[in-house]
Amino acid sequence: MINLYFKDKCPYCSEFISERCDDYVIDTSYYDREMGTETEYTIECDEYTCPNCEKKFSFHGSIWEYPEGALNLNDIVIEPIDSIE
């Protein structure tokens, strides 16, 4: 298994955030491919607080591992919960 990380900027203060996503995996799917197994980790976090500005947002999407041990795609989307001023 690869290290699962959410890496993006806070939608409010633009602070760079890097957070482990192991606790936010809600599903894991496996697909047989030419170079072995492709693994999709479905990530969902309903409420995350920025450590810099303390405003809340959610993130969700998938992180793909293919071939085994290599990050193929990080397709995590962030959505503000608090109003953006």
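**Asp8**

I started with Asp8 and looked up how much of this residue is open: Asp8 is partly exposed, at a relative accessible area of 29%. I'm working from a predicted model here. Asp8 sits in strand E1, which covers residues 5-9. Next I asked what Asp8 touches once neighbours within four places in sequence are left aside, and I got Glu15, Phe16, Ile17 and Ile78.

**Ser62**

Is Ser62 buried or exposed? I found a relative accessible area of 10%, and that counts as buried because the cut-off is under 20%. Ser62 belongs to strand E5, residues 56-65. I noted that its side chain makes a polar contact of 2.7 Å with the side chain of Glu40. Glu40 is also on the contact list of Ser62, along with Tyr41, Thr42, Leu73, Asn74, Asp75 and Ile76, again skipping neighbours within four places in sequence.

**Glu79**

My last stop was Glu79, in strand E6 (residues 71-80). Glu79 has a relative accessible area of 37%, so I wrote it down as partly exposed. Which residues does Glu79 touch, not counting those up to four places away in sequence? I listed Phe57, Ser58 and His60. With His60 there is a polar contact, side chain to side chain, at 2.9 Å. I then picked Glu68, 11 residues from Glu79 along the chain, and found 30 Å between the two C-alpha atoms.

Notes: Residues numbered from 1 in each chain as written. Predicted model: local features only at pLDDT ≥ 70, side-chain atom pairs only at ≥ 80, totals over all residues. Heavy atoms only, no water. Helix = DSSP H or I, 4+ residues; strand = E, 2+ residues; numbered from the N terminus. Buried < 20%, exposed > 50% of the residue type's maximum accessible area, 1.4 Å probe, protein only. Polar contact = N/O pair within 3.5 Å; in protein donor to acceptor, adjacent residues only side chain to side chain. Contact = heavy atoms within 4.5 Å.
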